[in-house]
Every structure is written in C-alpha cells, then in structure tokens.
2 protein chains.
Amino acid sequence: MKAPLNSGNDQAAVILLSGGLDSATTLAIAKTQGFRPYAISFRYGQRHGVEIEFARNIAKQMGVVEHAVVDIDLARFGGSALTSDLPVPKHQSVEQISRGIPLTYVPARNTVFLALALAWSEVLETGNLFIGVNAVDYSGYPDCRPEFIRSFESMANLATKAAVEGRHPVKIHTPLIDLTKAQIIRTGVRLGVDYALTTSCYDPTANGLACGHCDSCLLRKRGFLEAEIPDPTQYAN
Amino acid sequence: MKAPLNSGNDQAAVILLSGGLDSATTLAIAKTQGFRPYAISFRYGQRHGVEIEFARNIAKQMGVVEHAVVDIDLARFGGSALTSDLPVPKHQSVEQISRGIPLTYVPARNTVFLALALAWSEVLETGNLFIGVNAVDYSGYPDCRPEFIRSFESMANLATKAAVEGRHPVKIHTPLIDLTKAQIIRTGVRLGVDYALTTSCYDPTANGLACGHCDSCLLRKRGFLEAEIPDPTQYAN
C-alpha cells in the first residue's frame, strides 16, 4: 500500500467499482487510506448486468460520497463472450482454465473505463484513481497488467488540463496488484468488507445465482478456500 | 502523410468524425490512402449536438463502410463550457482568443473517444485509427498535442489482445498534425470534401446557424480567408 492507514489525507479518489470482490476490497483500502471515495460503475452491455445492483449496494453500504453509473454500449462493438452470444468458458477447476487471453476479454475495456474515470476525476479536482487489478491470480487480460497501468498513467498525465497545468498529477492506485486472491479476501475481511454483497460470476443464472464454473467463479472459490474463510456466495452448481 | 496516395492497402481504419472541418478532411485522406473507412461519432452531451447530423451526412456522402454513433454522457460529469451552462467564450478575431487551455476543454474527451475507437478497431481487426488533431492552428487542448497522441498509442499497444498477441499493432494516424487550417482546407478541397456539409461552431443558434464568434468559428473563418476559398458556412453574425 502506498499510503499509511488512516492517513486522513482527505483527497478525493475515483474508485472503479464493478460489484465484484476485488473492487469492493479496493474501495475499502482507499477509505482506510483516508481518501474521500467516489465510486464509478459501468453498464456496458455485459451479460452479468446484475453486478450493477451489487455495486449499488456496496457503494451504499460502504458510504461513498457519490456513485456514478455510466452507460456505454460496448456490446455495440461485440468481440467478447461477455457482451455477445459467444459462450462463456466453463471448467471444473482453476487448473483447467485456458492459458492465454480468454474469450471473456472485452476489447479495450479497462482503457475505456479508466478514460471515463479520468474525466470524472478531473472535474472532482483530483488525480487519484483506484482500480482493483492484480497480477497474481491473474485473469489473463492484457489491460490488467502493471505495464498497462503505468502506461495509462503516463498518457493521462499528458491528457488532462489539470495534469498539464501541474495542479494534480494523475496517480493510478493498484493496491491489489501483488496480492493473491486469498490475500485480497483476508485484507477485505480485516477491513470489514461484506463479501455477501459482491458477485464475481460472468454468467449468472436467470435468478441471479453464480454459475460456479466460469473462470471468475473458480478463482473466487479457490480464494476463499485458501484464505480459510467461508464463501458467502450462492452457487447454482 | 504516412502512406502514398491510392496505395490500395485495403486495411480497415476507424476515423473519428465530429462533423467538423478537420475530421471530414481526415476521412478524405484516409480514403485516399486506400483504407476502408469506419467512422465513429460521439453524442456526449455537447451543446452543439447538431454536429452529429452533419457527421451522418458526411459519412453517407463520403461512403464509409459503417458509421457508429456512440452515446456517452460526459455532461454527467460537467466541467466544460461545451457540456454545461458555462458560457462559451466569444471574440471578434482570432487574435483575441485567450492563451492557455480554453473553457471549452472537455475533461479527458480525446482519451475517452480514442479508447472507444480502439475498442471498435480491435473488433474490426485493425490497429489503424485516424484523428484530425493539429498542432498549428491549435485549439489549446492538451489532448490534441502530438505528445499525447504518441503516448496514447504506446498505451494502446499494451492494452489490447490484438496488439499484445502481435496481430496488429495500434497506429494513430494524425495526417493534419503539421498543417495550418488553410492547408487543411486546401487539401480537403483537392480531395473533393464538401465543406458545406461540415460545422465547426461550439454554440450554434436554435435554428442551427454558426455563431461566428467562438474560437472554432474564428479559426474556421480565418482558414478559408487564408486559403482564398469561399467559406460555405452560414454565420448568424
């Protein structure tokens, strides 16, 4: 972590909040570091649109200053199992997850999300953005890698009026980057995150239950197992 | 220009098309370079939303393969005279335009636009993006500078599956970057652009006439004067 706990720094920060486990933990860390949290979520045509309702509940329960839910029609472009009728890959265990970049990759998703978070952060007069990417129990997405994040940060510092005028440089905080899923969960539990309010599933059932077999469900299950913390998720299978 | 005229390269390219003079010229250049043009326009809550209708007409008249009009509610964030009720600055001549970054700057606009164009380009299996920024008769926007564009290109090459897998690196074409407004207009006229189909005004009247006094109108007027080409625009004043 880049700042001491309870530093009371009183700066605003924009936190990307998906409704999942990682971003809820990231929000808790930002709060613990003393940032005034503004949460941003995206309704982008994802098949697991139910995650937006989870994000709303998390934002409310964790007391953010404001929660922006932004519509962007990435399904207009397609190219992903999350935004089209391509099937979401399912497996029996984490070991069976395919190597390489999975079909659930959404073209340029984190670039689009960070760009919109950057726009809001500039109006809020802050350069602090938080994103819950991690490089250990890793999704395989290119736009979750540290080298992408650092490059986005450099670009952002040339993009905005506030950064160019030297008022507040852009800093992309990635507090989960070096943590395993189990370490993320332990951190969140210590900070009071209620993981029953989160969802990780890419392909929930019609009544909102997690499928239990997409990459994201499998990584979540193993994380709780390794953390030796009960998983509050209701899985369909 | 980076490629010879009529090279017949047959690659797809995504062209940012605002409905203005610069982007229409950029589209003409991309076509002349042999690219199969896909145009993308953004309805982002701009007060000059009429430019979208101009973009539709330009796209149709210039024969693009497809024209995507994407909604993103940047007015949700505010912070600009173009997306809020802050007044658009007006002047009598180009010389009176304020130094520095103007009030019409929209936070992170080109970052957001290029991010969405990048998403589409990846699905279209191309890395070619065209944007009509220029550094001479310059808007003062930080995200129109060459250093921003180069940095976005580097970031994009770490962001997408296609770039990371080496299938098609991202190349951001800026064919207008070193041209004056007059040179842009002369180029467009040579390539058959009908500038009567374009609009530059930030603050059109209720019946769609250009105001004649915003920075964008003033730069346009001077460009036609210097190019010694009649300006087809109907100005209210």
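**The interface between chains A and B**

In this predicted model, 36 residues of chain A make contact with 36 residues of chain B. On the side of chain A that touches chain B, the elements contributing two or more residues are strand β3 (66-71) and the helices α3 (109-123), α4 (146-159) and α5 (161-164). The biggest share comes from α3(A), which supplies nine residues. Sorted by class, the chain A side of the contact holds 23 nonpolar, six polar and seven charged residues.

Two packed helices are described by the angle between their axes and the distance between the axes. Here α3(A) packs against α3 of chain B (residues 109-123) at an angle of about 170 degrees, and the axes lie 9 Å apart. Because angles over 145 degrees count as roughly antiparallel, α3(A) is roughly antiparallel to α3(B). Their crossing is left-handed. From α3(A), Thr111(A), Val112(A), Ala115(A), Leu116(A), Leu118(A) and Ala119(A) meet Thr111(B), Val112(B), Ala115(B), Leu116(B), Leu118(B) and Ala119(B) of α3(B).

Pro142(A) counts as buried because it has 21 C-beta neighbours inside 10 Å, where 20 or more are required. Beyond its neighbours within four places in sequence, Pro142(A) touches Ile101(A) and Phe148(A), together with Leu158(B), Ala159(B), Thr160(B), Lys161(B) and Val164(B) from chain B. Ala108(A) is 34 residues away from Pro142(A) along the chain, and their C-alpha atoms are 9.1 Å apart.

How values were computed
Residues are numbered from 1 along each chain as its sequence is written. Chains are lettered from A and ligands numbered from 1 in the order in which they are written. This is a predicted model: local features need pLDDT of at least 70, side-chain atom pairs count only at pLDDT 80 or more; totals for chains, interfaces and linings use all residues. Two residues are in contact if their C-beta atoms, placed from the backbone, lie within 7 Å. Helices (H or I, at least four residues) and strands (E, at least two) are DSSP runs, numbered from the N terminus. Ala, Val, Leu, Ile, Met, Phe, Trp, Tyr, Cys and Pro count as nonpolar, Asp, Glu, Lys and Arg as charged, and the others, Gly among them, as polar. A residue is buried if 20 or more other C-beta atoms lie within 10 Å of its own, exposed if 12 or fewer, and partly exposed in between; C-beta atoms are placed from the backbone. Axes are lines fitted to C-alpha atoms, for helices over the stretch in contact, and angles run from 0 to 180 degrees between N-to-C directions. Angles under 35 degrees count as roughly parallel, over 145 as roughly antiparallel, 65 to 115 as roughly perpendicular and the rest as oblique. A crossing is left-handed if the near helix is turned anticlockwise from the far one by less than a right angle, and right-handed if clockwise.
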